[in-house]
Amino acid sequence: MDFELSEEQRLLKESVGRLLADRYGFEQRTAYMKEPGGFSRALWKQYAELGLLALPFAETDGGLGGNPVDVMIVMEAFGSALVLEPYFATVVLAGGVLRHAGSDKQRAEIVPKIAGGSLLLALAHSERQSRYDLADVAMTAKKDGAGYVLDGAKGIVLHGDSADKLIVSARVAGKQRDRDGIGLFLIDAKAPGVSIRGYQTVDGLHAAEIALSGVKVGPDGILGEPGKALPVIERAVDEAMAALCAEAVGAMTVMHEVTIDYLKTRKQFGVPIGNFQVLQHAAADMLIATEQARSMALLAAMMAGENNAVERHKSIAAAKIQIGRSGRFVGKTATQLHGGIGMTMEYKVGHYFKRAVAIDILFGDADHHLAALTRMGGLLAA
Amino acid sequence: MDLRFNDEEIAFRDEVRAFFNKNLPENIRRKMVEGKKVGKDDIVTWQRILNKKGWAVPHWAKEWGGTGWSAVKQYIFLDEMQQAPAPPPLQFGVYMVGPVIIAFGSEAQKKRFLPRIANIDDWWCQGFSEPGSGSDLASLKTSAKRVGDHYVVNGQKTWTTLAQYADWIFCLVRTNSEAKKQEGISFLLIDMKSPGVTVRPIQTIDGSREVNEVFFDDVKVPVENLIGEENKGWDYAKFLLGNERFGIARVGLSKERIRRLKELAALERVGEKPMIEDERFRSKITAVEVELKALEMTQLRVVAAHRNGSNKPDPASSILKIKGSEIQQTISELLFEVVGPYGLPYQPAQIDGDRVNEPPIGPDYAAPLAPTFFNWRKISIYGGSNEIQKNIIAKAILGL
């Protein structure tokens, strides 16, 4: 058992931390939010130069061969700076699907472009009705010669408004919620028949509702075996949830630190408010919630590479439950302990709170995973 | 980073598990599983089995019987012992006064007391709390006045767990009433057979008699029973209280109790179905399993941070204490809930594993569940209440 980071991982953590300390102050972030797509293309280039965009991809595909712990390090740092760039959407989530489903040729073509920062990829999977059920896919893919024709609509496509290419899931066979019959397709965001409506989400990031009408996909655009995509999607989503857990821990850590600073500096009744025991205990509860979340984010990172799908999913679902509950608790308490200033858009704590809540919701909130984990028999055998 | 146990650690876990399976007497194991009363004889029997194997005091210095195990192995050992489930060693000896004697005692004290603690030839109890000194422990009043080659002790201790069996008590006593309250305290070992020592039992809300009041009336204690220096007792007490970091969360015990919970929930029926299939109830179990998994990972992080043998008290112990107690209490409440109305019959005779001579009322597993729920409220009170733990976190970790 070993909790230590390797030398390379320490260096990775330092270099990401340095970049964000320089370039991701609260005001800088506010400015990035106003750029097209709601993030900074200049920083995206910097991430490429640091190798972050290549990190989880195999070396043979043009990546760096990083593991889930490496991704955890980056995501935790991004969480502590509330990074706006589509790293999670492109590299972790859609990139994960590409890693697991793409052919050698497809990966060789796309990974170097992602790694170099010239191509943004998004996963268009969930739909208006699907909520958190990964098998619920109504979009259809009808055979058309050697290719397919896609029809239907996708929702909450993370950074779908900036993506150059989309990985779209669609049903090649079966009924709407069947586990079998889902295929994955790679299309250009500008292909005829694609219409994209982008918007900002509550956490300041971006997403899109995407409608496809008679969109043609050639044989080159078929990812993996049509009809057998669900286990691949589930695996990529498990890895993505592990990454989100790390991001949430970064956000919680900052919320806690900022709150402690505030308790030490804000004076009322002639003393720093941190002198009051009722606030001290709330701050202690925040620490406990954050550390329990950190522990589970570590577990999630460790289990993200697990090949046994059931064990992997149970552990990561458990982590997601803890992260969701801790994140909401820490966010609410941070806001409460700040009083009025915590309610303002110009103060940073609320932005972290909103991201923590968004992370709870993405891919299933704590209640969703609690019910799912319960159906799977819980964590301990009777 | 690899959070899994390595091959050596897994082999060690298997060795420990196999030893417990083979050597833990079945009648003791059953009492533990059923939540019945484990008596003095059971605890002594088990401790001597461990001592014979050389595993009585793994965390002690090697020259006094320690095993030299890594922090991870010590954790595995405790976790397996709790899951067996075996009776926990008498903590007042092996986890409390033993390490204090090793760290601050004289050579003569070490030779005299340590082997007898390891083999539980002496039963120790703890004399810290007093009627007027609970969370504000340093306000204690029991006095020890130096007269020639002995101290004369007067005063009262309370909440003294299992003092009814005790041969010795380690006490915090006031040796200087002029100094600041923390600076006038000494750490004294007192023979319970000394004239002037009286033990009076206190019955707790569950009906059990675990705790006692201990009165000292002109009790003569030889000066050779003073630990370390006079008036330095508060430092030794802080060492003792901050020293518990491997077992305080009791993760193994909670795992074992969750298994028991699932076992009983499969026996009880709600309408047509076993209770374990009731979604609302099951999701409460899952929720506590998630909390427990997080606690286990936090515990392992603390263990790993101490792998280099640091003996400093760790304020992270406070996190383990708070979450560990909350989880244990939640599980005890769910166990109580499992039997529904048959949690109500009060059957103390059924809890005493050695003297059951009439049939139980209701299911034979019901009797201990309610008393345990009420008894386990103590877990968030003893050893520094959870509120005191939060004060420690606020001060020592957060700097408030």
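Buried residues make up 53% of the 382 residues in chain A, where buried means that 20 or more other C-beta atoms lie within 10 Å of a residue's own, exposed means 12 or fewer, partly exposed is in between, and C-beta atoms are placed from the backbone. Before I go on, this is a predicted model, in which local features need pLDDT of at least 70, side-chain atom pairs count only at pLDDT 80 or more, and totals for chains, interfaces and linings use all residues. Residues are numbered from 1 along each chain as its sequence is written, and chains are lettered from A and ligands numbered from 1 in the order in which they are written.

Chain A, then. Its secondary structure comes to 11 helices and 10 strands; helices (H or I, at least four residues) and strands (E, at least two) are DSSP runs, numbered from the N terminus. The radius of gyration of chain A is 21 Å, close to the 21 Å from the globule rule for 382 residues, so chain A is as compact as a globular protein of that length. That radius is taken over C-alpha atoms, and the rule is 2.2 Å times the number of residues to the power 0.38. Along the principal axes, the C-alpha trace of chain A spans about 80 × 55 × 40 Å. Take the contacts in chain A between residues at least 6 apart in sequence: 75% of them join residues at least 24 apart. A contact here means two C-beta atoms, placed from the backbone, within 7 Å.

Now the domains. Chain A is divided into domain 1 (7-119), domain 2 (122-227) and domain 3 (231-375), with bounds that come from an automatic or database domain assignment. The centres of domain 1 and domain 3 of chain A, taken over C-alpha atoms, are 22 Å apart. Their contact takes 20 residues from domain 1 of chain A and 24 residues from domain 3 of chain A. On the domain 1 side, α4 (68-81) and α5 (87-101) of chain A each supply at least two residues. Which of these gives the most to that side? α4(A) does, with 10 residues. By class, the domain 1 side that touches domain 3 of chain A has 14 nonpolar, 5 polar and 1 charged residues. For the classes, Ala, Val, Leu, Ile, Met, Phe, Trp, Tyr, Cys and Pro count as nonpolar, Asp, Glu, Lys and Arg as charged, and the others, Gly among them, as polar.

Let me stay with α4(A). This helix has 14 residues and reaches 20 Å from first C-alpha to last, close to the 20 Å expected at 1.5 Å a residue; the expected span is 1.5 Å times one less than the number of residues. Buried residues account for 14 of the 14 in α4(A), so the helix is largely enclosed by the rest of the structure. After α4(A) comes A:L82, with a positive phi near 55°.

α4 of chain A is also part of what covers the buried residues of α1(A). Those buried residues are A:L12, A:V16 and A:L20. Viewed down the axis of α1(A), they fall within an arc of 55°, so they line one face of the helix. The arc is that of the directions from the helix axis to the C-beta atoms. On the other side of α1(A), the exposed residues are A:E7, A:R10, A:L11, A:E14, A:R18, A:A21 and A:D22. A:E7 has 8 other C-beta atoms within 10 Å. A:E7 and A:M303 are 296 residues apart in sequence and 22 Å apart in space, C-alpha to C-alpha.

Next, the interface between the chains. Here 34 residues of chain A are in contact with 39 residues of chain B. On the chain A side, α7 (230-265), α8 (277-303), α9 (309-338) and α11 (366-375) give two or more residues. α8(A) gives the most to that side, with 13 residues. By class, the chain A side that touches chain B has 22 nonpolar, 8 polar and 4 charged residues.

Last, chain B. Its secondary structure comes to 13 helices and 10 strands. The radius of gyration of chain B is 22 Å, close to the 21 Å from the globule rule for 400 residues, so chain B is as compact as a globular protein of that length. Of the 400 residues of chain B, 44% count as buried. Is B:I205 buried or exposed? B:I205 is exposed, with 10 other C-beta atoms within 10 Å. The C-alpha atoms of B:I205 and B:P371, 166 residues apart along the chain, are separated by 7.9 Å.
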